[in-house]
Amino acid sequence: MTTFLVSLIVLVLGYVVYGRIVERIFHIHPEQATPATILSDGIDYVPMKPWKIYLIQFLNIAGVGPIIGAIMGAQFGTASFLWIVLGSIFAGAVHDYLSGMISLRNKGCSLPEIHGEYLGVNVRQIMRVFTMLMMILVVVVFVNTPATLLNEHFTPSWNPYIWVGIILAYYLVATLLPIDKLIGKVYPVFGFLLIGMAIAILAAFFIYDPEIPELWEGLQNRHPDAENNPIFPMMFVSIACGAISGFHATQSPLMARCMVNERQGRPIFYGAMITEGVVALIWAAAAAYFFGPDSPVDVSGKSGAAIVGIIADTWFAPVIATITILGVISAAVTSGDTAMRSARLIIADILNYSQKPFKNRLFVAIPILVVTGIILVFSIADNRSFQLIWRYFAWANQVLAAVTLWAITVYLAQNKKRPWYVITIIPSLFMTMVTGCFLFVAKAKDGGFGSILAPELGYGIGALITIAALVAFIVWKVKYNKNKNSLTV
């Protein structure tokens with residue numbers, strides 16, 4: 001358990017030390033008015049207490065990602081611990097903090113508008129479509145998962161579409177209501193519940209003393225199908241929300257529209273990501289034990305959601321086990337509805353369409369609901385379709401993170417006298433390589449072209465994509481410096 005405990009300490013130190021460094025690089029202005037005070041509309045721009053914003057941000061970005069994703073990522077062995085810790089500190093939290101603060105400085109604008117501001121008009125148009133599709137995939141995933149869990153554990157005689165309908169109806173209500181009426185009042189409670197679940201698992205470690213793998217035992221791939229699931233890039237796509245996730249940057253503008261001081265940014269954006277890293281590490285460590293040779297239960301071939309139930313039933317009394325499962329369900333539901341809210345705001349920003357009138361919100365939300373419902377009909381009916389949707393969602397999520405990191409890199413290059421963009425260009429290149437390789441290395445069943453391409457060729461294509469991105473940045477930087485110098489002469 002030594003590796004696990006050291007990892008927890010490093011995550012906390014990452015927030016205290018590196019989080020402060022990133023905050024100083026951004027250079028906050030506590031005296032500057034925020035969108036919540038300038039543009040207050042009682043719907044989306046609503047000042048809220050910092051602790052509430054932190055818990056809502058944590059719940060929104062988490063969902064089942066740091067639970068299901070971390071559990072499935074734990075199959076790869078102790079390498080998953082390293083990625084959760086290093087990814088959270090140097091990639092995920094930096095990505096979340098800077099994208100959130102840039103949105104705060106730009107009237108709480110949606111993510112595609114940030115892409116367009118720093119990567120160009122063409123990228124803005126592409127990312128508007130891409131991000132909207134991504135949000136719909138998120139809603140699909142976060143309807144399917146809780147509907148399935150509710151049906152399996154509580155109403156096995158029901159048709160699963162009943163729960164789909166109930167959850168979709170709730171999503172519609174949640175996205176139409178002012179953010180402080182439902183989300184602001186109820187979601188902090190769910191945030192505490194998600195943290196409480198992780199603390200319960202942590203307590204179980206000290207009670208049952210499970211054999212958690214140690215880093216010095218090696219970083220070998222322990223995946224049951226290691227040949228078709230190499231650590232790079234598969235693990236870095238499987239563990240998304242527990243290390244870095246593009247979805248987070250779609251949620252940050254929601255909270256940027258509720259903050260009243262830039263000083264709140266580090267605990268809300270950087271801190272929520274580190275908290276998610278802690279939750280992911282705890283669940284990954286628990287899963288690593290159940291995947292190991294000393295597991296009291298055979299979990300081979302089980303889904304991530306099923307393993308959650310197994311862990312809860314093995315270590316907890318029935319009441320606590322039920323609460324744990326309900327906690328996972330609530331985490332999924334509360335991310336799904338904010339994804340729909342983000343989709344509504346993205347469309348509203350594109351159309352410059354005021355969301356204060358109720359009918360305007362309804363006009364935007366209904367088409368999103370209809371498209372989501374159509375996709376869900378097919379994904380619920382065919383589990384293979386859902387698995388493919390999940391893989392493409394996971395890949396698209398990391399593509400979004402890579403593009404956002406490049407936008408932030410350009411922002412830093414434009415606005416800072418020193419080359420502080422080094423803190424984002426390294427994770428930008430890494431995530432570009434991950435997503436480029438995944439698409440050409442993963443097998444067809446996982447959403448890639450690896451079934452028809454040799455692994456060497458797949459990695460080669462990923463490397464070329466990464467080099468092309470770096471060259472494009474260098475060319476832009478040279479032109480930008482030349483133009484800036486000519487203007488100052």
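Helix axes are here lines fitted to C-alpha atoms over the stretch in contact, and the angles between N-to-C directions run from 0 to 180 degrees. The model under discussion is a predicted one.

Q: At roughly what angle do the axes of helix H3 and helix H12 cross?
A: Helix H3 comprises residues 50-62 and helix H12 residues 265-291. Their axes come within 9 Å. The crossing angle is roughly 50°.

Q: Is H3 parallel, antiparallel, perpendicular or oblique to H12?
A: The axes of H3 and H12 cross at roughly 50°. Angles under 35 degrees count as roughly parallel, those over 145 as roughly antiparallel and those from 65 to 115 as roughly perpendicular, while the rest are oblique. The angle therefore makes the orientation of H3 to H12 oblique.

Q: How are H3 and H11 oriented to each other?
A: The axes of H3 and H11 come within 9 Å and cross at roughly 155°. Angles over 145 degrees count as roughly antiparallel. H3 and H11 are therefore roughly antiparallel.

Q: How many polar residues does the contact of H3 with H11 have?
A: H3 contributes Ile53, Ile56, Gln57, Asn60 and Ile61, and H11 contributes Phe247, His248, Gln251, Ser252, Leu254 and Met255. Six residues of this contact are nonpolar and no charged residue takes part. The number of polar residues is five.

Q: What is the handedness of the crossing where H8 passes H14?
A: Helix H8 covers residues 160-176, and its axis comes within 9 Å of that of H14 at a crossing angle of roughly 55°. That angle makes H8 oblique to H14. The crossing of H8 past H14 is right-handed.

Q: How many charged residues does the contact of H8 with H14 have?
A: Tyr170, Tyr171, Leu172, Ala174 and Thr175 of H8 make the contact with residues of H14, among them Asp337, Arg341 and Arg344. The contact has seven nonpolar and two polar residues. The charged residues number three.

Q: Which helix gives the most to the lining of the largest cavity?
A: The largest cavity has a volume of about 90 Å³. Helix H4 (65-73), helix H10 (231-238) and helix H16 (383-415) each supply at least two of its lining residues. With four residues, the helix that gives the most is H16.

Q: Which elements give two or more residues to the lining of the second largest cavity?
A: The second largest cavity holds about 50 Å³ of space. Its lining consists of Gly108, Ser110, Leu111, Thr250, Pro253, Leu254, Arg257, Ser342, Leu345 and Ile346. The elements that give two or more of these residues are helix H11 (246-256) and helix H14 (318-351).

Q: How many nonpolar residues are in the lining of the second largest pocket?
A: About 610 Å³ of space lies in this pocket. Of its 21 lining residues, Leu119, Val403, Trp406, Thr432 and Ala469 are the closest to its centre. Three lining residues are polar and no charged residue is present, and the nonpolar residues number 18.

Q: In which helix is the place of proline 233?
A: Phenylalanine 232 and proline 233 are joined by a cis peptide bond, with omega about 10°. The place of proline 233 is in helix H10.

Q: Where does lysine 107 lie?
A: Lysine 107 has a phi near 65°, a positive value in a residue other than glycine. Its place is the loop between helix H5 (79-105) and H6.

Note on methods
Residues are numbered from 1 along each chain as its sequence is written. This is a predicted model: local features need pLDDT of at least 70, side-chain atom pairs count only at pLDDT 80 or more; totals for chains, interfaces and linings use all residues. Side-chain values use heavy atoms; hydrogens and water are left out. On a 1 Å grid over the protein atoms alone, a cavity is a set of points where a 1.4 Å probe fits but cannot get out, and a pocket is an open set with protein on both sides within 12 Å along at least five of seven lines; lining residues have an atom within 4 Å of a point. Grid points are joined across faces, edges and corners, and a volume is the space filled by probe spheres set on the points. Ala, Val, Leu, Ile, Met, Phe, Trp, Tyr, Cys and Pro count as nonpolar, Asp, Glu, Lys and Arg as charged, and the others, Gly among them, as polar. Contact means heavy atoms within 4.5 Å. A crossing is left-handed if the near helix is turned anticlockwise from the far one by less than a right angle, and right-handed if clockwise.
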